[in-house]
Amino acid sequence: MNNTLVDVKNVTKDYRAGKVIVHALRGLDLAIHEGDFMSIVGPSGSGKTTLLNLVGALDTATSGEVSVFGNDLSTMGRRRRADLRLKSLGFVFQAYNLIPVLTARENVEFVLELQGVGSERRDIAFSTLDDLGMGDLADRQPNELSGGQQQRVAVARAVASRPRLVLADEPTANLDSENAEALLQMMRHLRDEQAMTFVFSTHDPLVVSYASRVVTLRDGRVVSDELKDPTSDAHEAGN
Amino acid sequence: MVSRSTLRIAWRNLGRNRKRTILALSAIAVGQLAFLSVAALMRGFGEQYLDSITGPMVGHIQIHAPRWRDDRSIDVTLRHVSATIAEVLQDPDVERASPRIYAPALAALEVEGFMSVVVGIDPAAESHPRGLVPGEHLSGQLGEHRVLVGAALAQKQTIEPGMEIAIVGQDVDGSIANDLFTVSGVIPSAIDIVHSQGIVMSLEDAQELFLMPDQAHEIVIHLSNPDRIGDVVARLSSLPLLRDAEVLPWQEILPQFVSILKLMEGYIFVVLFIVFLAAAAGIANTMLMSTFERTHEFGMLLSLGCGPGRLSRIIATEALLLGLAGVSIGTALGVGLVALTSGSGIDYAALGGSASSYEAAFAGITMSSHTFPKTYVSDVAVGVIAVLLTSLLSVTWPVLHIVRLEPMEAMRS
């Protein structure tokens, strides 16, 4: 059995919207294992993004326990959570969220610099972009790149330091199917080659078709957790 | 320490909204330009003022017999003037020592008389640029019963070179002193009493006329380094020949001018405060707008693990770069403007529509309406430091906003 990277136990998350309290998660349990290529699916409002935010130490649970790499997030302060995000987690956002004034290479390099990587960060940034087919466009700024290209830069930024866990929120939402498929193949390649773990929140059937594990949420609870047989996966066979 | 990437992000962020950046830059540049221009005018005016005070009239230090300044009585004199001057000139900081006699007298060209003041001077000691008769051509026209007449007095009484003038006064014994002199020239002077009433003659002629052998009313001293006035006053006061005399720095002789110079200094800083208050508002507005617009971006950076400290440094660096660029432009414009006008000067009279410049007298000093602006390096430095401090202060609010941001809340904004 693979190591458990993330353990979510009986977690609730409530939001206050004016006078109304919204129960986004209602006693959710989930374990994420090393090497997972997991899709979290479910209708809007089911709690997918909330779950990713909790696992990514971007938000805190109302009750229950979220443990990431053995660290109970509820006991960690702001600074330690930021440190955890910086050193062990990678994020890919739906809207790319690149720094607009930096080039593709500088965007990747910036996070590496935050992580304390020395002068070699320039080469790491370039080779990561090159691996993702962006070597020729490394010196372009985000506004000079297409949506697919920007998302590949965002992936490069998330994976350049080889974090153990990459969290991607609707990574294909703004991409056409060709770009989306290319991106998923790249990420699965990274999972296979670099022993990284990927968790996606998605509505996209294409993402689901690539996943090795599909977790379905409804009303803030896990309603199904399905392991797929990799050998039956057409995409896997195609690789 | 600011990293290269922080500098890069900060610099490029300034280009994101060019119109806003240009407006803020303009506000800072105009502020520095206004400050340097006003400071240069005030400095030029102040130097001219100080030159007039410590130049021909008062000098840096004066020596008098005690109580002479009370009513300028002709019989209250300094004795052994030659020996005193010789001893004073021994002081390493003393550049020149000029003995003077002042005596009210009635002067007449033909029949009608008019009031004048006889000023007896040593032509050799007063021929330097800051003396009463600058230049050899003037000092050479004194002695052997020749006198120079103040320009305003000459104009008023229609006195011309070559005329004979009779002078009648009172000598130190109380007797009538009178003699006939030849007008050798007419002199304009920054000293009002010389300009409008003065009849300048050699010290020897004056001593002979008023029966004051080896005596004078005043010794005016110029120093090579005016910053040492206090030390020199202390040394001169201890000389045996001056034990009974009063040795005074110019600041004690004309305390009202010290106040005026301090007021001018204060005025410069009032301008500095007002100008940079406006600049601060410009920078603060720019940085606030820029920060609140980018809340989502900051949320993203926080979610990647970038700390609030790093974000604050980015914002502070942006403000500093904005301030530095603005103050550099303002300094270049200000220094350039002063350089353009420092040669020809600025005539307040002409600015006010007058065809010619004028001179105004105050407390015996004549001031020209023509001022030569001067840039002080210290003023440039004060302006630059003020802008940089203003820039840093103006990001206080944006930084407080940033350090309170939570990644998710910021990204939802």
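A: The mean positions of the 27 positive and 40 negative charges of chain B lie 24 Å apart. Here Lys and Arg count as positive and Asp and Glu as negative, while His and the chain ends are not counted; the place of a charge is NZ of Lys, CZ of Arg, CG of Asp or CD of Glu. In chain A, the mean positions of the 26 positive and 33 negative charges are 9 Å apart.

Q: What kind of model is this, and how are its parts labelled?

A: This is a predicted model, in which local features need pLDDT of at least 70, side-chain atom pairs count only at pLDDT 80 or more, and totals for chains, interfaces and linings use all residues. Residues are numbered from 1 along each chain as its sequence is written, chains are lettered from A and ligands numbered from 1 in the order in which they are written, and side-chain values use heavy atoms, with hydrogens and water left out.

Q: How many helices and strands are there in each chain?

A: Helices (H or I, at least four residues) and strands (E, at least two) are DSSP runs, numbered from the N terminus. Chain A has eight helices and ten strands. Chain B has 17 helices and 13 strands.

Q: Why is chain B described as more spread out than a compact globule?

A: The radius of gyration is taken over C-alpha atoms, and the globule rule is 2.2 Å times the number of residues to the power 0.38. For the 413 residues of chain B the rule gives 22 Å, but the radius of gyration is 31 Å, well over that value, so chain B is more spread out than a compact globule. Its C-alpha trace spans about 100 × 50 × 30 Å along the principal axes. For chain A, with 239 residues, the rule gives a radius near 18 Å, and the chain has 18 Å, which agrees. The C-alpha atoms of chain A fill a box of roughly 50 × 45 × 40 Å along the principal axes.

Q: How should I read the meeting of the two chains?

A: The size of an interface is often given as the accessible area lost when the parts come together. Buried area is the accessible area (1.4 Å probe) that two parts lose on being put together, summed over both. Between chain A and chain B it is about 2,100 Å², and carbon and sulfur atoms give 59% of this. In chain A, the residues that lose the most area to chain B are A:Arg78, A:Val101 and A:Phe110, together 27% of what that side buries. Contact means heavy atoms within 4.5 Å, and the contact takes 24 residues from chain A and 26 residues from chain B.

Q: Where is B:Gly198 placed, and is it buried or exposed?

A: B:Gly198 belongs to strand β7 (residues 198-202) of chain B. It is buried, with a relative accessible area of 0%. Leaving aside neighbours within four places in sequence, B:Gly198 is in contact with residues including B:Val117, B:Leu148 and B:Ile193. B:Tyr102 is 96 residues away from B:Gly198 in sequence and 9.5 Å away in space, C-alpha to C-alpha.

Q: Which value of phi does B:Asp214 have?

A: Phi of B:Asp214 is near 55 degrees, a positive value in a residue other than glycine. This residue lies in the loop between α8 (203-209) and β8 (218-223) of chain B, and is partly exposed, at a relative accessible area of 30%. In chain A, A:Ala195 has a positive phi of about 55 degrees although it is not a glycine. A:Ala195 is found in the loop between α6 (177-194) and β8 (197-201).

Note on methods. Buried < 20%, exposed > 50% of the residue type's maximum accessible area, 1.4 Å probe, protein only.
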